[in-house]
Amino acid sequence: MRAKITYFVTAAVLVFYFVLVGSRGVLLLRHGTPLTIAFGVAVLVLPVIGVWFLWKNTQFVTRANALAAELDAEGGLPVDELVRTPSGRVDRDSADAVFARRREETEDSPDDWRCWFRLAVAYQDARDTPRARKAMQRAIALHGAAQPSRAGRDAAKAAGTRPSGG
């Protein structure tokens, strides 16, 4: 719950910042000189990029949380079996051992989103955030591909049959 609160507070602060920067960009545009118009356009690009980035991250987190909830309902969430130091940090050797097992599972079942999800968790535990994110993106993509499309579900519902897949 603490992570959600932190995320929403950070997002709210960013939105406030985007509005503030955007208003300054508009003021620069209204000034009307070629230099202030150029600066105004440059300043307005920053909030647009920021809003896009915030939106993509929010989608990613929402989808990853949905996968975690589904995996939890199936009883397939990875168990925390990591050895920790007295300060609470994950022992590197322990994380590497779990990662090796997760990598083997994923190599054995490369089209299973559950394996990719667990691999993403193992990457995160091993403090390899870029690869953790890529593995989670792969899990999200595989999960989406395994689910029947909305059109397929609607057609199956109209026909009185159950859609295949997922």
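Is the crossing of H4 and H5 left-handed or right-handed? In this predicted model, local features need a pLDDT of at least 70 and side-chain atom pairs count only at pLDDT 80 or more, whereas totals for chains, interfaces and linings use all residues. Residues are numbered from 1 along each chain as its sequence is written, and side-chain values use heavy atoms, with hydrogens and water left out.

Helix H4 (residues 113-125) packs against helix H5 (residues 129-146) at an angle of about 165 degrees, the two axes being 8 Å apart; helices here are DSSP runs of H or I with at least four residues, numbered from the N terminus, and axes are lines fitted to C-alpha atoms over the stretch in contact, with angles from 0 to 180 degrees between N-to-C directions. H4 is therefore roughly antiparallel to H5, a term for angles over 145 degrees, as roughly perpendicular is for 65 to 115 degrees. The crossing of H4 and H5 is left-handed, that is, the near helix is turned anticlockwise from the far one by less than a right angle.

For helix H1 (residues 2-31) and helix H2 (residues 34-74), the axes come within 7 Å and cross at roughly 160 degrees, and the two helices are therefore roughly antiparallel to each other. Their contact comprises 18 nonpolar, eight polar and no charged residues, where Ala, Val, Leu, Ile, Met, Phe, Trp, Tyr, Cys and Pro count as nonpolar, Asp, Glu, Lys and Arg as charged, and the others, Gly among them, as polar. The crossing of H1 and H2 is left-handed. The axes of H2 and H4, in turn, come within 11 Å and cross at roughly 110 degrees, which makes H2 roughly perpendicular to H4; the crossing of H2 and H4 is left-handed.

The search of the whole structure finds 10 salt bridges, each defined as a side-chain nitrogen of Lys or Arg within 4 Å of a carboxyl oxygen of Asp or Glu. One of them joins Glu 81 to Arg 102, with the closest N and O atoms 3.7 Å apart. Because Glu 81 lies in the loop between H2 and helix H3 (92-108) and Arg 102 in helix H3, the pair ties together parts that are 21 residues apart in sequence.

Notes. Parallel < 35°, antiparallel > 145°, perpendicular 65-115°, else oblique.
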